[in-house]
Amino acid sequence: MKINMQQLMENYFPLALEKTKELIKIKSFKTEAKPKAPYGEGTKEVLDYMIKLGNELGFKTYQDPENRYGFLDYGDDDKELFVILCHLDVVPTGNIEEWTTPPFEPLVKDGKLFGRGSFDDKGPTMMNLYGLKYLKDNNFQSDKYKIRMIFGLTEETTWESIRAYIADFGVATAGYVPDGEFPVVYAEKWIVDLDMHGTHPTDFEIKGGEAYNVVADYISYKGPKEAEIEADLNKNGIKTERKNGLLMVKGKSGHGSLPWLGVNAATHLFQAMKNVGIKHKIVDFMCEHIHNNHNFSQVFPNIEDETGVLTQNLGIIEIENGKQRLAFNYRVPVFTEPKEKFIPKITEEIKKYGLTSEVMAVEDSVYVPKESEMVQKIMKVYQEVTGDLKSQPLAIGGGTYAKAMPGLVAFGAEFDINRSTMHAYNENVPIEDLEKMLEIYTKAIVLLTK
């Protein structure tokens with residue numbers, strides 16, 4: 001099937017862009033469960049919106065009675081299932097003062113669409129939807145597959161949503177996830193969310209961070225030597241402020257899989273505490289193992305393979321007298337440290353500092369050989385649209401819904417990971433990138449479902 005690019009861009013892209021803006025307005029991060037809203041009212045609202053839009057566009061839709069997930073279908077029920085697995089939830093906004101535009105008031109400025117979820121994953125989701133709408137309007141039919149767009153609601157947190165879908169409907173034959181990088185992700189590290197707990201007496205309180213997979217960038221401190229700590233931080237380029245009687249330390253947010261692109265306010269705080277003479281086991285642990293050490297290298301030296309290096313991110317910290325919690329996110333290369341040895345090594349090391357470990361979540365790895373038919377077809381589409389013959393299939397530390405079903409890969413939507421604003425303040429996506437996404441995904445659906 002030949003794609004009419006003028007028709008796609010003139011008639012479908014403006015609609016996709018406007019609907020993306022409407023989607024951004026919905027505050028769809030996980031909050032307290034309510035009746036018929038197990039992940040909070042925002043996630044129910046965003047699911048209601050997408051199912052209503054799917055109906056208006058003429059697709060068959062399904063909304064879970066408990067509002068845990070939803071999907072829309074195109075094609076005959078007797079065919080195999082090809083899925084486009086998306087998510088509508090977002091990470092929280094963090095320190096709202098760091099946003100130059102309100103996160104849930106979408107704005108196009110300097111050729112970019114700003115707003116929480118504009119890139120992760122509402123923009124790519126909508127480009128897929130309108131690519132499928134174009135194909136439907138032009139009578140495309142796959143001879144092999146029914147195509148299903150699935151909308152998950154807890155990708156940024158527990159993954160309970162997609163697990164509920166799989167329990168009810170099983171897995172697909174093939175498909176992709178528009179929530180990684182271009183050209184295509186053939187491997188993803190396995191991921192561990194791990195809490196470290198302590199019961200030490202302290203004369204200081206430290207709190208901050210919002211999620212395992214976001215660099216902790218805004219941290220409060222109450223305790224001894226506040227003025228000295230503040231001076232040390234400022235001397236080393238870390239900003240601070242006084243708020244509600246607390247010393248607030250300001251770093252830089254970023255995705256937990258790329259912790260070096262952020263600035264972790266908590267680890268810088270601990271280094272400053274050590275610099276001014278505060279002695280404590282947790283201070284020692286943070287300075288010896290965590291601060292400016294994104295690889296836990298003293299415990300796991302030289303862990304690296306074709307899928308990358310081991311990374312660690314401190315996402316949440318809660319310290320008070322007699323009760324401490326440090327919440328970490330680890331991304332482990334596919335072919336290196338065995339799962340059964342990884343946690344015991346951490347547990348043994350942190351015992352020295354009076355800490356215990358608790359595994360909160362584990363996501364398995366993904367590995368689809370570069371030579372596979374799926375990867376090669378995706379590369380063909382990407383090269384055709386972009387003219388980029390140099391880029392190769394990627395391995396990443398990010399954890400996408402490709403982990404949820406065997407045989408799936410992450411396909412886009414980031415063109416340059418070094419400029420990524422995923423999970424960051426002022427999240428945005430270039431309009432021209434959205435246009436390229438629409439073209440790539442429309443053509444890919446045709447080729448991949450042959």
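This is a predicted model: local features need pLDDT of at least 70, side-chain atom pairs count only at pLDDT 80 or more; totals for chains, interfaces and linings use all residues.
Student: How do you know that the span of helix 9 agrees with 1.5 Å a residue?

Tutor: The expected span is 1.5 Å times one less than the number of residues. Helix 9 covers residues 373–386, which is 14 residues, so it should span 20 Å; its end C-alpha atoms are 20 Å apart, and the two agree.

Student: Which residues of helix 9 are called buried?

Tutor: Buried means under 20% relative accessible area, exposed means over 50%, and partly exposed lies in between (1.4 Å probe, protein chains only). In helix 9, the buried residues are Met374, Val375, Lys377, Ile378, Met379, Val381, Tyr382 and Val385. Their cover includes strand 3, strand 7, strand 9, strand 22 and helix 10.

Student: Why is helix 10 called largely enclosed?

Tutor: Count its residues: 15 of the 18 in helix 10 are buried, so the rest of the structure largely encloses this helix. Its span fits too: the 18 residues, 431–448, should reach 26 Å, and the end C-alpha atoms lie 25 Å apart, which agrees.

Student: What makes helix 3 mostly covered?

Tutor: Of its 16 residues, 14 are buried. Helix 3 runs over residues 122–137 and should span 22 Å, in agreement with the 22 Å between its end C-alpha atoms. Asparagine 139 follows helix 3, with a positive phi near 65 degrees.

Student: Why is isoleucine 278 called buried?

Tutor: Its relative accessible area is 10%, so isoleucine 278 counts as buried. This residue sits in the loop between helix 6 and helix 7. Isoleucine 278 touches Phe204, Tyr221, Pro224, Lys225, Ile229, Met273 and Val283, leaving aside residues up to four places away in sequence; contact means heavy atoms within 4.5 Å.

Student: What makes up the largest nonpolar core?

Tutor: A nonpolar core is a set of buried Ala, Val, Leu, Ile, Met, Phe, Trp, Tyr and Cys residues joined through side-chain atoms within 4.5 Å. The largest one has 90 residues, and Met126, Leu129, Met405 and Met437 have the most contacts inside it. Helix 10 supplies the largest share of this core, 11 residues. A second, separate core of 46 residues includes Leu269, Cys287, Phe328 and Ile346.

Student: What is the volume of the largest cavity, and why is it called a cavity?

Tutor: On a 1 Å grid over the protein atoms alone, a cavity is a set of points where a 1.4 Å probe fits but cannot get out; a pocket is an open set with protein on both sides within 12 Å along at least five of seven lines, and lining residues have an atom within 4 Å of a point. The largest cavity has a volume of about 40 Å³. It is lined by Thr157, Thr158, Trp159, Arg163, Ala361, Val362 and Glu363. Strand 19 gives the most to this lining, with 3 residues.

Student: How many residues line the largest pocket, and which lie nearest its centre?

Tutor: There are 48 lining residues, with Asn213, His255, Asn329, Arg331 and His423 nearest the centre. The largest pocket holds about 860 Å³ of space, where a volume is the space filled by probe spheres set on grid points that are joined across faces, edges and corners.

Key. Residues are numbered from 1 along each chain as its sequence is written. Side-chain values use heavy atoms; hydrogens and water are left out. Helices (H or I, at least four residues) and strands (E, at least two) are DSSP runs, numbered from the N terminus.
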